Amino acid sequence: MTITTISCKDLGALALEKFCPRCFWIKRRCENKLPFQIFPGIFNSIDGYTKKITNVHYEKKSSVPKWLLSFDDFIKPVKVPHFSKFFVMDSETNIQLRGSPDEIMQKNDGSYFIIDYKTAKYTDVQDELLPMYEVQLNAYAYVGNRCNFNPVSGIGLVYYEPQTDLTLDNLDARLLEDGFYMEFTGKLHKVVLDPDRIIPPLLKQVRKIVDSNTMPPVSESCKNCTLLDKLAQIITS
Ligand code: SF4
């Protein structure tokens, strides 16, 4: 069995209602390098900034930002390892599961709490991506428990919601000499922690898909493969 590597985030995709095994199979064969995959860089900047807020806050005030304390009794953020040091090798499937959480907090009792930050409106459990995030966080917990962060006793999402209300009354407070401010409000969502039940079956599913010699069928919920066929016909005609 060849060694397969998967990120905690990519494993999360398997939990989506619209998960397409065919797409997963193709991406793995293309080493995740597909055309038409454009991701605006601004989201990377915002992601980086949200992590800095927590860490610079701790550096300056020796405390965790107060909105995060509604989650649990956090003592401090700890250094998050690079994914090359945050992984497990599953001997049954020969899959290396790895990742790099946005934040790891140490709690008062010495255990750890893993956080993933999202820049989005918090719509509670209506978020159709929530199943993916739940697996992603449980995968981090699965790795953390085996990788110097034992025990992981909690996981959760922090949604940083952009505050887009602009009125005559609050306009002045938003203005700078050369631009404007936009505020973000943190909303917390605790995720059920159950990594040993959730993760092993998904690793087996990954192994089954990547080992398949035939391409899985087209997903009924997506028309892109049909459009791609049409595009190929136009190009080659
Ligand atoms: S049907 Fe859609 S999701 Fe599935 S392989 Fe084709 S493009 Fe990807």
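These entries record what I looked up in a predicted model.

**Ligand shell.** I listed the residues around the ligand and found Cys20, Arg22, Cys23, Val218, Ser219, Cys222, Asn224 and Cys225. Helices α2 (21–29) and α7 (224–236) each supply at least two residues of this shell. By class, I noted 5 nonpolar, 2 polar and 1 charged residues.

**Nonpolar core.** I then turned to the largest nonpolar core, which has 39 residues. Ile6, Leu11, Phe24, Leu97, Ile199 and Val206 touch the most other members. The elements giving two or more residues to this core include α1 (8–12), α2, β4 (95–98) and α6 (195–211). The largest share, 10 residues, comes from α4.

**Surface patch.** I found a nonpolar patch on the surface formed by Leu166, Leu171, Leu175, Phe180, Met182 and Phe184, with about 600 Å² of accessible area together. Phe184 lies in strand β8 (residues 183–191) and counts as partly exposed because its relative accessibility is 37%.

**Salt bridges.** My count came to 10 salt bridges. Asp72 and Lys107 meet in one of them, at 3.2 Å from N to O. This pair links distant parts of the chain, 35 residues apart: Asp72 is in the loop between α3 (42–61) and β2 (74–78), and Lys107 is in strand β5 (residues 103–107). Lys107 counts as buried, at 8% relative accessibility. I also recorded that Asp72, Lys107 and Lys190 are linked in a network of salt bridges.

Lys118 and Asp116 pair at 2.5 Å, N to O. Lys118 is buried at 12% relative accessible area, and Asp116 is buried at 3%.

Where do Arg207 and Asp211 lie in helix α6? They are 4 residues apart, so about one helical turn separates them. Their closest N and O atoms are 2.9 Å apart. Arg207 is buried, at 7%, whereas Asp211 is partly exposed, at 39%.

Conventions. Residues numbered from 1 in each chain as written. Predicted model: local features only at pLDDT ≥ 70, side-chain atom pairs only at ≥ 80, totals over all residues. Heavy atoms only, no water. Near = heavy atom within 4 Å. Nonpolar A, V, L, I, M, F, W, Y, C, P; charged D, E, K, R; others polar. Patch = residues over 30% accessible without salt bridge, like charges linked within 9 Å, V, L, I, M, F, W, Y side chains within 5 Å. Areas by Shrake-Rupley, 256 points an atom, 1.4 Å probe, with all protein chains shown as cover. Salt bridge = Lys/Arg side-chain N within 4 Å of Asp/Glu carboxyl O. Buried < 20%, exposed > 50% of the residue type's maximum accessible area, 1.4 Å probe, protein only. Core = buried A, V, L, I, M, F, W, Y, C linked by side-chain atoms within 4.5 Å.
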